[in-house]
Amino acid sequence: MNATQASPQNLTSQYLQRLAELYQSGQTSLVLERGLRKLLDYEAEENRRLLIQLTSDLRAFEEEHHLTSSTFYHRYMTGQTDDRMDFVEWASLVQMAENAKRRLNILGQPVPA
């Protein structure tokens, strides 16, 4: 599979393998290290922004339904709620927020309260 046929995930994996190989062989440069740091910082900032927006959206659902998102999500996942569109949206927001938190943890960044 050449670069034009490779999926984005395969390409990313190949790029990361090349970077790891450069690092392991001691062939990195200051430019590469700065670029990677900036990329990771940018990714962390985007996830912080996303999480802040998601948290705001979740609070709106919590206020409307007088229920915490964690309690709602548990009920939703155990079939204790119906499949109204707003519940599906609320559950999706909970999952998105958890994914953003995981990404921040992987990036070694604090998760906003």
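Start with the largest nonpolar core, which has 14 residues. Select Leu51, Leu58, Phe72, Trp90, Leu93 and Ala97: these touch the most other members. Keep in mind that this is a predicted model.

Now colour the helices behind this core. Two elements give two or more residues to the core: α2, residues 30-65, and α4, residues 85-106. The largest share comes from α4, with eight residues.

Next, centre on Leu58. Leaving aside residues up to four places away in sequence, Leu58 touches Ser69, Trp90, Leu93, Val94 and Ala97. Of these, Trp90, Leu93 and Ala97 are also among the core members that touch the most others.

Switch to the aromatic rings. The whole structure holds five aromatic pairs. Show Phe61 and Trp90 for one of them. Their ring centres are 5.5 Å apart and their planes meet at 10°, so this pair is stacked. Phe61 belongs to helix α2 and Trp90 to helix α4, so the pair ties together parts that are 29 residues apart in sequence. Are these two residues buried or exposed? Both Phe61 and Trp90 are buried.

The ring centres of Phe87 and Trp90 are 6.4 Å apart. Their planes are at 50°, which falls between the 30 and 60 degree limits, so the pair is tilted. Both residues lie in helix α4, three residues apart, or about one turn of the helix. An α-helix has 3.6 residues a turn, so residues three or four places apart point the same way. Phe87 is buried, as is Trp90.

Together they form one aromatic cluster. Phe72 and Trp90 were also in the opening selection, among the core residues that touch the most other members.

Move to the loop between α2 and α3, where α3 covers residues 69-77. Select His66, which sits in this loop.

Finish at helix α1, residues 8-24. Then step past the helix to Gly26, which follows α1. Gly26 has a positive phi, near 75°.

Notes
Residues are numbered from 1 along each chain as its sequence is written. This is a predicted model: local features need pLDDT of at least 70, side-chain atom pairs count only at pLDDT 80 or more; totals for chains, interfaces and linings use all residues. Side-chain values use heavy atoms; hydrogens and water are left out. A nonpolar core is a set of buried Ala, Val, Leu, Ile, Met, Phe, Trp, Tyr and Cys residues joined through side-chain atoms within 4.5 Å. Buried means under 20% relative accessible area, exposed over 50%, partly exposed in between (1.4 Å probe, protein chains only). Helices (H or I, at least four residues) and strands (E, at least two) are DSSP runs, numbered from the N terminus. Contact means heavy atoms within 4.5 Å. Rings of Phe, Tyr and Trp (its six-membered ring) pair if their centres lie within 6.5 Å; planes under 30 degrees apart count as stacked, over 60 as edge-to-face and the rest as tilted.
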